[in-house]
Amino acid sequence: MDKETLNRHMNQILVHSYLYSVNHAIWDDYTWDMYAKNLAKEIKENRELAKTLPYYEQFIDWEGDTAMNFRYDDTIRMRARLCYGCKFGEPLDENAWQSIN
């Protein structure tokens, strides 16, 4: 596993978890669970590499089972807005994206 791929996977989980938390999910529960379990395995198998990534602290004891303890910074919020806009061709509701964390 390379650093760029692991970083992208962490960002994807955070973005899609954020969208779910503001009731604008793109992934269904099955898809999120599949990606989450895969990421948890990737982190476990590449712990030293994962430690070098910006969002590692959010995944230290994470097992891929919940997004409850994730914190969403402005970067994740903006990526979520872009992701949503690309998927649906319209912006994410301004009130929704500011309401979490």
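Biologist: Why is Lys 51 called partly exposed?

Modeller: The model is a predicted one, and in it Lys 51 has a relative accessible area of 45%. Buried means under 20% and exposed means over 50%, so a residue at 45% is called partly exposed.

Biologist: What makes Lys 51 and Glu 48 a salt bridge?

Modeller: Their closest N and O atoms are 3.2 Å apart. The cut-off is a Lys or Arg side-chain nitrogen within 4 Å of a carboxyl oxygen of Asp or Glu, so the pair qualifies. Side chains of opposite charge can pair when their charged atoms come close.

Biologist: Is Glu 48 buried or exposed, and how do you know?

Modeller: Glu 48 has a relative accessible area of 56%. The limit for exposed is over 50%, so Glu 48 is exposed.

Biologist: How many salt bridges does the structure hold?

Modeller: Two. Besides Lys 51 with Glu 48, Asp 74 pairs with Arg 77, with the closest N and O atoms 3.0 Å apart. That value also lies within 4 Å, so this pair is a salt bridge as well.

Biologist: How are Asp 74 and Arg 77 placed in helix α4?

Modeller: They are three residues apart in α4, which means that about one helical turn separates them.

Biologist: Why is Arg 77 called buried, and what is Asp 74 called?

Modeller: Arg 77 has 8% relative accessibility, and buried means under 20%, so Arg 77 counts as buried. Asp 74 is at 54%, and exposed means over 50%, so Asp 74 counts as exposed.

Biologist: Which residues gather in the patch of negative charge?

Modeller: Asp 28, Asp 29, Asp 33, Asp 61, Glu 63 and Asp 65. Asp and Glu count as negative, so the patch is called negative. Asp 65 sits in the loop between α3 (47–50) and α4 (74–88).

Biologist: What makes up the largest nonpolar core?

Modeller: This core has 26 residues, and those with the most contacts inside it are Met 10, Ile 13, Leu 39, Ile 43, Phe 59 and Trp 62. Helices α1 (3–21), α2 and α4 each give two or more residues to the core. The largest share, seven residues, comes from α1.

Definitions and conventions: Residues numbered from 1 in each chain as written. Predicted model: local features only at pLDDT ≥ 70, side-chain atom pairs only at ≥ 80, totals over all residues. Heavy atoms only, no water. Patch = residues over 30% accessible without salt bridge, like charges linked within 9 Å, V, L, I, M, F, W, Y side chains within 5 Å. Areas by Shrake-Rupley, 256 points an atom, 1.4 Å probe, with all protein chains shown as cover. Charge placed at Lys NZ, Arg CZ, Asp CG, Glu CD. Helix = DSSP H or I, 4+ residues; strand = E, 2+ residues; numbered from the N terminus. Core = buried A, V, L, I, M, F, W, Y, C linked by side-chain atoms within 4.5 Å. Buried < 20%, exposed > 50% of the residue type's maximum accessible area, 1.4 Å probe, protein only.
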